[in-house]
Amino acid sequence: MPLNIVVCLKQIPNPDLQFQIASDGKDIKRDALNYKLNGADEYALEEAVRLKEKSGGRVVGLTAGPKRTDQMLREALAKGADEVVRIAFDEPAAYDVGKVSRILAAAIRTIPHDVVLTGVQSDDLVNSATGGLVAGFLGLPHASVVTRVEVKGGGLEVACELEGGLQRLYSIALPAVLTIQFGANTPRYAPLPAIMKAARQPIKELSPAALGFASWDAVPLPYAFAVRGLSPPAAKGHAEMITGTVDEQAKKLAQFLRDKGFARR
Amino acid sequence: MPGDVLIFAEHLEGRVAPSTLEVIAVGRELGSRTGGHVRVVLFGHDVRSLADLLARYGTEVLLVDDPALAEYTPDGYGQAARAVVEGTKPGLILVAHTSEGYDLAPALAGVMDLPLVTNCLALRFDGERLVATRRLLNEKVQAEVEIASSRPIVATVRPGSTKPAGPAAGGTVTVTPVRIDPSKLRTRFLSIERPQVQDIDIGGADIIVSAGRGIQKRENLPLIEEFAKALGGVVGASRPLTDMDWLPKTRQVGQSGKTVRPKLYVACGISGAMQHVAGMKDASLIVAINTDPSAPIFEVAHVGIVADVLKLLPATLKELKG
């Protein structure tokens with residue numbers, strides 16, 4: 001059963017970096033950030049390509065973001081997407097997941113889809129909301145935190161991770177939306193010829209007009225959303241720090257562990 | 001006015017999720033400030049005793065009993081949730097930010113075209129506006145966002161960000177029938193799967209030395225094992241390591257793994273993402289080693305060392321043996 005698969009991808013600032021707050025307090029400073037494909041979306045992309053390899057069909061990689069996200073879309077092509085689409089939504093931070101999800105859903109309506117995949121969360125905004133919202137807007141069934149997907153009897157069987165290591169298994173009718181969990185598979189590396197080929201492949205761009213909006217500001221929302229401000233988190237508490245050279249730190253740590261009775265004297 | 005508060009309870013195999021009591025605490029607090037009525041919705045089948053238990057926390061409990069709701073499914077609970085929201089017209093809908101909660105809440109917001117804010121550490125009303133405190137970018141940035149709407153706002157509350165509600169008087173149970181249309185259910189529950197236990201149980205260990213991405217290579221695991229052995233402890237891991245199969249899933253500490261309360265927890269090269277911290281923050285003594293001085297693990301640790309764990313552990317082992 002060939003599947004039309006759409007995988008929603010997000011490019012995020014590498015969360016391992018340090019961040020500074022912009023002078024207006026409404027965003028982080030973005031002039032010197034290093035961007036990458038969101039962690040969970042790597043697994044979603046891999047799951048999409050594996051589903052296609054097993055069942056046949058096509059994988060379309062979709063993102064809503066500025067021009068810089070082309071690099072991520074080419075990575076998706078090199079890893080097995082057949083086509084990529086960039087919604088030219090250029091709000092750099094896009095803090096309102098409701099707005100972005102409405103735009104993604106509008107774009108998915110224009111693309112054949114049996115399965116819509118995305119990562120369980122983005123590591124920048126950590127909403128875990130895009131998949132569910134998109135499913136709701138499109139009126140599709142969905143499942144979240146998916147660690148296994150199998151095509152079965154015209155639908156899918158999925159395992160969803162719960163707290164404490166439990167999994168809940170469902171069968172789900174198609175078309176459906178799934179959010180893929182970290183570790184669901186082992187994402188592949190792109191082979192060099194595929195990287196070279198991806199560099200020449202076209203990236204389809206969708207404007208607001210293509211999705212029926214006069215502008216991105218005219219996306220109808222049943223609410224008003226605003227970022228009040230960003231700040232460095234007030235530390236709840238802070239560790240007592242052991243300082244010095246590595247050898248000094250090691251000496252103090254060993255002494256500390258001995259004093260607390262955790263190591264032989 | 002911000003209106004009434006509607007809370008969706010979570011339960012599994014006869015137990016109410018601890019996060020539900022935290023959400024009730026948030027709901028009661030908001031309700032007492034705005035004058036809104038607080039209702040807790042319990043979906044299930046033959047769960048009267050859970051409804052009675054929830055009523056001890058002082059709110060009205062809407063018990064929705066239907067065989068189709070015996071097990072959670074996104075579709076079944078989604079359909080029932082929509083019916084209850086339409087029937088009660090709340091101003092605010094609260095759900096715990098758990099695997100089940102962030103499955104239910106966004107889809108409900110999508111299907112009903114409602115505003116949504118998720119994974120909130122704190123919520124308050126400023127006039128008509130709901131103000132949410134959130135953490136971004138691996139806990140390194142805090143954000144305050146606001147939503148104003150004439151429609152019910154859906155919000156999910158991060159587990160562990162509030163103390164659970166204590167018992168309170170005045171709770172009641174209202175049996176609330178909801179019509180579920182089985183022909184519209186497209187997800188079907190199959191089973192609950194448990195991890196196979198054939199490994200040591202880190203949940204019972206007094207001393208845990210956990211490794212994170214900071215150990216860089218699988219080949220460095222023996223160093224962690226050696227350190228754990230020197231302290232008489234066992235090796236745990238953060239999620240990325242078990243995802244890469246460097247260690248079995250049974251060693252994973254965190255929300256999706258084990259919750260541990262050892263006497264000593266040494267976090268080696270673990271940044272301290274919320275999902276990990278949720279599983280170890282109650283250890284009696286936490287020592288964290290990380291190269292990044294701004295790593296959030298230093299917020300929960302009692303003792304912190306900014307160092308490369310691959311250099312610090314060998315040096316410390318030498319000291320311990322010396």
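Figure 1. Gly272(B) is buried, because 25 other C-beta atoms lie within 10 Å. (A residue is called buried if 20 or more other C-beta atoms lie within 10 Å of its own, exposed if 12 or fewer, and partly exposed in between, with C-beta atoms placed from the backbone.) This is a predicted model, in which local features need pLDDT of at least 70 and side-chain atom pairs count only at pLDDT 80 or more, while totals for chains, interfaces and linings use all residues. Residues are numbered from 1 along each chain as its sequence is written, and chains are lettered from A and ligands numbered from 1 in the order in which they are written. To find Gly272(B), look in the loop between β15 (264-268) and α7 (274-277) of chain B. (Helices, H or I with at least four residues, and strands, E with at least two, are DSSP runs numbered from the N terminus.) Leaving out residues up to four places away in sequence, Gly272(B) touches Glu139(B), Val277(B), Ala295(B), Pro296(B), Ile297(B), Glu299(B) and Val300(B). (Two residues are in contact if their C-beta atoms, placed from the backbone, lie within 7 Å.) From Gly272(B) to Val111(B) it is 161 residues in sequence and 35 Å in space, C-alpha to C-alpha.

**Figure 2. Two helices of chain B that cross.** Now meet Val111(B) again, in the contact between helices α3(B) and α4(B). The axes of helix α3 (residues 74-88) of chain B and helix α4 (residues 101-112) of chain B come within 10 Å and cross at roughly 55 degrees. (Axes are lines fitted to C-alpha atoms, for helices over the stretch in contact, and angles run from 0 to 180 degrees between N-to-C directions.) The two helices α3(B) and α4(B) are therefore oblique to each other. (Angles under 35 degrees count as roughly parallel, over 145 as roughly antiparallel, 65 to 115 as roughly perpendicular and the rest as oblique.) The crossing of α3(B) and α4(B) is right-handed. (That word applies if the near helix is turned clockwise from the far one by less than a right angle, and left-handed if anticlockwise.) From α3(B) come Pro74(B), Tyr77(B), Gly78(B), Ala81(B), Arg82(B) and Val85(B), and from α4(B) come Asp103(B), Leu104(B), Ala107(B), Leu108(B), Val111(B) and Met112(B). Sorted by class, the residues of this contact are 9 nonpolar, 1 polar and 2 charged. (Ala, Val, Leu, Ile, Met, Phe, Trp, Tyr, Cys and Pro count as nonpolar, Asp, Glu, Lys and Arg as charged, and the others, Gly among them, as polar.)

**Figure 3. A helix pair in chain A.** Helix α3 (residues 97-109) of chain A packs against helix α4 (residues 130-138) of chain A at an angle of about 50 degrees, with their axes 9 Å apart. Helices α3(A) and α4(A) are therefore oblique to each other, and α3(A) passes α4(A) in a right-handed crossing. Val97(A), Gly98(A), Ser101(A), Arg102(A), Leu104(A), Ala105(A) and Ile108(A) of α3(A) meet Thr130(A), Leu133(A), Val134(A), Phe137(A) and Leu138(A) of α4(A). This contact has 8 nonpolar, 3 polar and 1 charged residues.

**Figure 4. Where chain A touches chain B.** Here 73 residues of chain A are in contact with 75 residues of chain B. Several elements of chain A each supply at least two residues to its side, including α4, β7 (142-152) and β12 (224-231). Helix α6(A) gives the most, with 9 residues. The side of chain A that touches chain B divides into 45 nonpolar, 17 polar and 11 charged residues.

**Figure 5. A glutamate in a strand of chain B.** Look for Glu146(B) in strand β9 (residues 141-148) of chain B. Glu146(B) counts as buried because it has 20 C-beta neighbours inside 10 Å. Not counting residues up to four places away in sequence, Glu146(B) touches Ala226(A) and Arg228(A), along with Asp126(B), Arg129(B), Leu130(B) and Val131(B). Glu146(B) and Arg129(B) are 17 residues apart along the chain, with their C-alpha atoms separated by 6.2 Å.

**Figure 6. The two domains of chain B.** Chain B is divided into domain 1 (5-184) and domain 2 (202-321). (Domain bounds come from an automatic or database domain assignment.) Their centres, taken over C-alpha atoms, are 34 Å apart. Between the domains of chain B, 6 residues of domain 1 are in contact with 7 residues of domain 2. Buried residues make up 56% of the 322 residues in chain B.
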